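Please consult the sequence and the coordinates alongside the text.

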Amino acid sequence: MNDFELTYRLQDSEKNQLSEIFKGLETNPYKDFLGFTREVIAACDSSDFPSSFRGAIEDQKFNYTPTKPYCFIENCPEEINPPVLPYENYNTEIKAELKKYFISEAFLIMFSHVTKMPILRYKNVNGGDPISDLHPLKKLQNEQSQKALKDVFYHNDLANHYARPNFINIFCIRNSLKNKIYTTLTKNIDLVRALDPDVLAVLRQPLFFTPHDVLTTYGGSSIDLGKAPNHPIFVNDNYTKLFETRTKGITSEAEEALDIFIKLLYEKTLKAHLTPGTFFSLHNDLTIHARIVEKVTDKNELKNRWLIKTLSCYSMDQYYRFINDFSNPIIEG
């Protein structure tokens, strides 16, 4: 199932070209991310890179709109022999040793480079690792995080963070068709148009509180972000701050408006079962997204579901004040 309009489908010749380019990369991104990035950029700027694909995506950061706040690309080069990560205890170091090819990581960095949408790194998120795994992990299986086995409720990534990303970019490595697990989003513009004006007026007031998310605070975060500030749900017509179940209204009127808002999220949702070799990028300010586990017939496949993602932005200019070391730019927080 796929409710999303296709942005681009690679021709088989383009897919094969990219696969050959990425297959030849020698640097391990989990041991030397900056070195891997330089190698991917050099490959992207070579004459071997498919020019038709470049032309199709290079202006993408200007093409996210309130009515189409995403980019959906099919028939991308698939990962080669992706390993099975240990559900009990995998981490970046284990992944670095198990994974022998980095096709999917290269695709994410390629997209960032060609579209000029810089990848963001956060000291408190995955220890600064810019490539996150959407893969179950036992100790977080019941949390509201990308490591969960269950639904991840509607949210903006780093919803109430002072250096929030503009974009979320996802590449599917493994997602069995035996299970019905959907990546979903709701367009903020659809919510604005459907809400009663009185309810919308409440949602525009700073009557809500969202604590910092699990991956920003879990497991030895190096920077204390303190208490997150109160906020409106709609900062302006299309920019939202929400994490369903974690965001709370601080008055009874705000709680009632929030209940109406969340119900509408599910009524207006779009969804897709992402398959290997599918790329999906969504605008974090123009949408609210979720993962819905609709049906599980193979629990082992659920534990091995694997997508990776990066967070990115229009420009680093708005983030420089949160970075101390520009030779290895990681946001302090």
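Two strands are taken to pair if DSSP finds at least two bridges between them. Helices (H or I, at least four residues) and strands (E, at least two) are DSSP runs numbered from the N terminus. The model is predicted: local features need pLDDT of at least 70, and side-chain atom pairs count only at pLDDT 80 or more, while totals for chains, interfaces and linings use all residues. Residues are numbered from 1 along each chain as its sequence is written, and side-chain values use heavy atoms, leaving out hydrogens and water.

**Strand β2**
- Four of the five residues of β2 (residues 70-74) are buried, meaning under 20% relative accessible area with a 1.4 Å probe and protein chains only (exposed is over 50%, partly exposed in between).
- Two bridges pair β2 in the parallel sense with β1 (residues 8-9); Y8 has I73 in β2 as its bridge partner.
- Strand β11 (residues 279-283) runs antiparallel to β2 and is joined to it by four bridges, with S281 in β11 as the partner of C71.

**Aromatic pairs**
- Rings of Phe, Tyr and Trp (its six-membered ring) pair if their centres lie within 6.5 Å; planes under 30 degrees apart are stacked, over 60 edge-to-face, and the rest tilted.
- The count is 18 aromatic pairs.
- Among them, F4 and Y70 are edge-to-face, at 5.0 Å centre to centre and 65 degrees between the planes.
- F4 lies in the segment before β1 and Y70 in β2, so this pair ties together parts 66 residues apart in sequence.
- Both F4 and Y70 are buried.
- Ring pairs also link Y8, F49, F53, F107, F111, F171 and F279 into a cluster.
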